[in-house]
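Q: Can we go through this structure together? I'd like to take it piece by piece.

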Amino acid sequence: KKVIVIGAGILGASAAYQLAVMGAEVLIIDRQDPGQATDAAAGIICPWLSQRRNQAWYRLAKSGARFYPELISQLKEGGEAHTGYARVGALSIHTDEGKLDKIEERARMRLADAPEIGVITRLSAQQTRERFPLLAEGYASVHISGAARVDGRALRDALLHSAQQQGAVMVTGDATLAFEPGRVTGVHAGGHYYPADEVIICAGAWANPVLRPLGIDFKVSYQKGQIMHLQVSDHKDTEVWPVVIPPSDQYLLAFARQQIVIGATHENDIEGYNTRVTVGGMQEILAKGLEVAPGLADGTYSEVRVGFRPFTPGFLPVIGAVPGWSGVLAANGLGASGLTMGPYIGYQLAKLALGREPDLELDDYSLQRAIMGG
Ligand code: FAD
């Protein structure tokens, strides 16, 4: 079967990889838009502490986190040494022990249904700082051993590389759908026509114009995120440091070679697809970051990355067939947890494209929601 994947963020890269593993003939077309969410994201995999009550969302996030270890070992067996993933654990920190009681309670409640949470440990302020030495004094924590961090860029590249090793072809270009009444037949890109049995649209924040020629107004909105990378000296073992989840909406992650990532902003009021790094954004990231981790003050600035988190109505992803059309599937709306869910949803898309049963009931994620807007 010939399948074309439009978009090579985490979702498209995952779908293409799985399709290649399943033996499909795969073509990936990506426009390399500045602001690709996956390229900016780094990358907490720890959905179990979320206070969101939406069960359909939690099912996806939980399944996404559970899916990772097997995918990573499969990629490693296939020769991909740099997946950007490490199960370093997470520290949910707070100065209020009562709040930590609640966090611990929530984690323990979810453990029965999600053993991949691992070991839940309550740490004193001193033990917390031993795990992440740059933190301010006074933060105790709940440690979750099964949490992980992933570098979106590295994982995307590993998936795309492995897909290509298994025969997938990748093209850079602006893809538009080719169709006849009721059926998508392929894709136009760079002056070529590529026929396909199935086209999968993984176009993130840019999906609406892809679907518009079919008469569909696809309701995807997006939120800008700025995220800062910096480098600290004096610490040799940063690659094993846990992810830090503070009470604010900002987090801290450590990678190898003394690299620290802090952020991110959540900007809804933005003009177009503008990837400007703003002084206000940097100020917000630094103010919140330094409050939690004053030890970062001596860090060396490396860069700010900017990405657009794609959202569909209800802040819940959509996955599946495009209503009223054959030969075309889409997924979107991975929002702020797309690195967590992307590999799992990409796997489901690959199964759907090849006519196989997905691993979960897809009724809650029907694309109809992004078309009706309700
Ligand atoms: P994208 O990665 O945006 O990819 C879409 C691709 O489609 C782009 O490359 C674009 O060029 C291409 N495209 C669009 N239209 C066309 C066309 N017509 N032709 C060809 N190509 C096209 N998630 C977590 O789980 N944990 C985190 O800690 C986390 N942190 C984040 C931090 C930041 C700053 C940001 C921005 C996001 C974060 N996320 C996180 C969310 C996650 O990054 C996104 O949900 C996810 O990457 C979305 O992936 P995607 O493949 O749907 O879209």
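**Working through the model**

A: Gln223 is buried, with a relative accessible area of 9%. Keep in mind that this is a predicted model.

Q: Where is Gln223 found?

A: Gln223 sits in strand 14.

Q: And which side chains does the side chain of Gln223 make a polar contact with?

A: One is the side chain of His266, at 3.1 Å. Another polar contact, of 3.2 Å, joins Gln223 to the side chain of Asn268.

Q: OK, new topic. Which residues come nearest to the ligand?

A: There are 37 residues around the ligand, and the nearest are Asp30, Asp33, Thr38, Gly335 and Thr340.

Q: How far is the side chain of Thr340 from the ligand?

A: An N or O atom in the side chain of Thr340 is 2.7 Å from an oxygen atom of the ligand.

Q: How much of the ligand does the protein bury?

A: The ligand on its own exposes 1000 Å², and 99% of that is buried by the protein.

Q: Which elements give two or more residues to the shell around the ligand?

A: The helices are helix 1 (10-21), helix 2 (37-40) and helix 9 (338-353). The strands are strand 2 (25-30), strand 3 (42-45), strand 14 (221-231) and strand 18 (300-311).

Q: Which of them gives the most?

A: Helix 9 does, with three residues.

Q: What about backbone atoms, which ones lie by the ligand?

A: A polar backbone atom of Ala175 is 3.0 Å from a nitrogen atom of the ligand. Leu339 has a backbone N or O atom 3.1 Å from an oxygen atom of the ligand.

Q: How do the residues of the shell divide into nonpolar, polar and charged?

A: The shell has 18 nonpolar residues, 14 polar ones and five charged ones.

Q: And which domains does the shell draw on?

A: At least three residues come from domain 1 (2-39 + 153-220 + 313-372), and at least three from domain 2 (88-149 + 222-308).

Q: Back to helix 1. How many residues has it, and how far does it reach?

A: Helix 1 has twelve residues. From its first C-alpha to its last it reaches 16 Å, close to the 16 Å expected at 1.5 Å a residue.

Q: Why call helix 1 largely enclosed?

A: Because eleven of its twelve residues are buried, helix 1 is largely enclosed by the rest of the structure. Among the buried ones are Ile10, Leu11, Tyr17, Gln18 and Leu19.

Q: What comes just after helix 1?

A: Gly23, which takes a positive phi of about 90 degrees.

Q: Now helix 6. How many residues, and what span?

A: Helix 6, residues 152-165, has 14 residues. Its first and last C-alpha atoms are 20 Å apart, close to the expected 20 Å.

Q: What happens at its start?

A: At the start of helix 6, a side-chain oxygen of Asp151 comes within 3.0 Å of the backbone nitrogen of Arg153.

Q: Which residues in helix 6 are buried?

A: Buried residues in helix 6 include Leu155, Arg156, Leu159 and Leu160. Just after the helix, Gly167 takes a positive phi of about 105 degrees.

Q: Which residues have a positive phi although they are not glycine?

A: Asp234 is one of them, with a phi of about 70 degrees. Gln258 is another, at about 60 degrees.

Q: Why point those out?

A: Most residues other than glycine have a negative phi.

Q: Where is Asp234, and is it buried or exposed?

A: Asp234 is in the loop between strand 14 and strand 15 (243-245). At 66% relative accessibility, Asp234 counts as exposed.

Q: And where is Gln258?

A: Gln258 is in the loop between strand 16 (251-255) and strand 17.

Q: Which peptide bond is cis?

A: The bond from Gly263 to Ala264 is cis, with omega near 0 degrees. Ala264 lies in the loop between strand 17 (259-263) and helix 8 (279-292).

Q: Last one: is Leu49 buried or exposed?

A: Leu49 is buried, with a relative accessible area of 11%. Its place is the loop between strand 3 and helix 3 (55-77).

Q: How far is Leu49 from Ala107?

A: Leu49 and Ala107 are 58 residues apart in sequence, and their C-alpha atoms are 6.0 Å apart in space.

Key. Residues numbered from 1 in each chain as written. Predicted model: local features only at pLDDT ≥ 70, side-chain atom pairs only at ≥ 80, totals over all residues. Heavy atoms only, no water. Near = heavy atom within 4 Å. Polar contact = N/O pair within 3.5 Å; in protein donor to acceptor, adjacent residues only side chain to side chain. Areas by Shrake-Rupley, 256 points an atom, 1.4 Å probe, with all protein chains shown as cover. Helix = DSSP H or I, 4+ residues; strand = E, 2+ residues; numbered from the N terminus. Nonpolar A, V, L, I, M, F, W, Y, C, P; charged D, E, K, R; others polar. Domains from an automatic or database assignment. Expected span 1.5 Å × (residues − 1). Buried < 20%, exposed > 50% of the residue type's maximum accessible area, 1.4 Å probe, protein only.
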